[in-house]
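Thanks for coming; I have one model to go through this morning. Please look at the structure first, and then I will take the packing and the sheet in turn.

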Amino acid sequence: GREASVSGHLSARTPLTAAPGSPLYGSNGRSHMTRKSCFDYDVLLLKRSSTSAFMPNAYVFPGGMVHSSDFSSEWLDIFKSFSNSPNFGLRSVTQPVETRPPLFATDRLKLGSPIPGEVAFRICALRETFEESGVLLCVSKVEEKRLLQSLDGRCTTDGEGPLHYKANDLCSRELNRWRDLVNLNPSNFIKMCRELEVLPNIWALHEWSNWLTPAGRYGVKRFDTAFFICCLQEIPHALQDEKEIVCLEWSTPSDVLQSYRAQELWIAPPQVYELSRMCHVPRLDDLHSFSRQRATEGCEQLLPVVSLKDEHYTALLPGADCPSHLTHIQTEEDSALHRIVTVDPYTITLQITITPKYNHLLPVLAPTSQYDSKSRL
């Protein structure tokens, strides 16, 4: 079966200072990993329990499965101030609907929900992040009025949107109580927002990518996952739930990748791919600006088509024109390559020569000397 799920990259500023003159992009969109000291932000990763049915012990971005309450008509009352704004004030995506991933293109009204998918998936991401890490991204009544003014065009000084966003500053005891209730029943997230008089900050989440689990790779269930990104002014207080999540870590994208290759932690190929993309942007201001502007372009569904040869798994991604049975590059330089070669759980090579769609970034490619000679570019 296929399940809809949502994942969110939370990036927060750290005391680190970006190195002067750090390039936003490498030559032709590809370069070696940015030095750790260049990053002025960390990314939140959560370690799944060893008893998890899906990817036990993996480090993942916050997120989880969509619940029916995320599409509940009760959200219309919570967001009533935005009832006259399409998609509750979210900016429109320019990508033609016929090329949108099915997850986003599905008409939710025809399925009986008045809540657009663009909104419901963000609600899900915010709810799951709160459940798993205790981080609540919300908008107060005062901030709601300011946001409405911006959407109505009455406030023109905020053309780039809020520079970054803050997590909740509500009473921790109150939040812990609600967190327990939401974990018991996701529909309590609606009740919490109503009683605390806050809105889930759907406007802080920017569309980043969409991954669909390849058939037969990780069991029977497959997950169609929307990835969103959010930049925070400072690292919020976070605490694992000790159920699904046993550990959490804030680290720079390059540091996570280095720890993965050193076999200190395990992350799945989509996380390797997305963190490698983020290595192009070591400064939080640039990441916020890029992700916010790029989000209106849309994204393509990344469905790896996996084959096995010579003990290597090769996952072809959209845009590749190489035969799937080729696990090493033995083609002309002008071949369109877009694939992930897995030598072992901790050794992955990204082989990419395509131009990314929708104004997105290519992953930064790691130095090939770190890999087995058979998997080198």
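Buried residues make up 55% of the 377 residues in this predicted chain, where buried means under 20% relative accessible area, exposed over 50% and partly exposed in between, with a 1.4 Å probe and protein chains only. Since the model is predicted, local features need pLDDT of at least 70 and side-chain atom pairs count only at pLDDT 80 or more, while totals for chains, interfaces and linings use all residues. Residues are numbered from 1 along each chain as its sequence is written, and side-chain values use heavy atoms, with hydrogens and water left out.

The chain has nine helices and 14 strands; these are DSSP runs numbered from the N terminus, helices being H or I of at least four residues and strands E of at least two. Contact here means heavy atoms within 4.5 Å. Of the contacts in the chain with a separation of 6 or more, 74% are between residues 24 or more positions apart.

Next, the core. A nonpolar core is a set of buried Ala, Val, Leu, Ile, Met, Phe, Trp, Tyr and Cys residues joined through side-chain atoms within 4.5 Å. Which residues touch the most other members of the largest one? Among its 97 residues, they are Trp75, Phe79, Phe189, Ile202, Trp203, Ile267 and Leu287. Leaving aside neighbours within four places in sequence, Ile267 is in contact with Tyr59, Val256, Leu257, Tyr260, Val272 and Leu275.

Now the aromatics. Rings of Phe, Tyr and Trp (its six-membered ring) pair if their centres lie within 6.5 Å; planes under 30 degrees apart count as stacked, over 60 as edge-to-face and the rest as tilted. That rule gives 15 aromatic pairs. One of them is the edge-to-face pair of Trp208 and Phe290, at 6.2 Å centre to centre with 80° between the planes. This pair links distant parts of the chain, with Trp208 in strand β7 and Phe290 in helix α9, 82 residues apart. Trp208 and Phe290 are both buried. Separately, Trp75, Phe79, Phe82, Phe88, Phe130, Phe189 and Trp203 form one aromatic cluster.

Last, a sheet. Four strands form an open, antiparallel sheet in the order β11-β12-β13-β14; two strands pair if DSSP finds at least two bridges between them. Its edge strands, β11 (305-309) and β14 (347-352), each pair on one side only. Between β13 (residues 338-344) and β14 there are six bridges, and Arg339 has Gln351 in β14 as its bridge partner.
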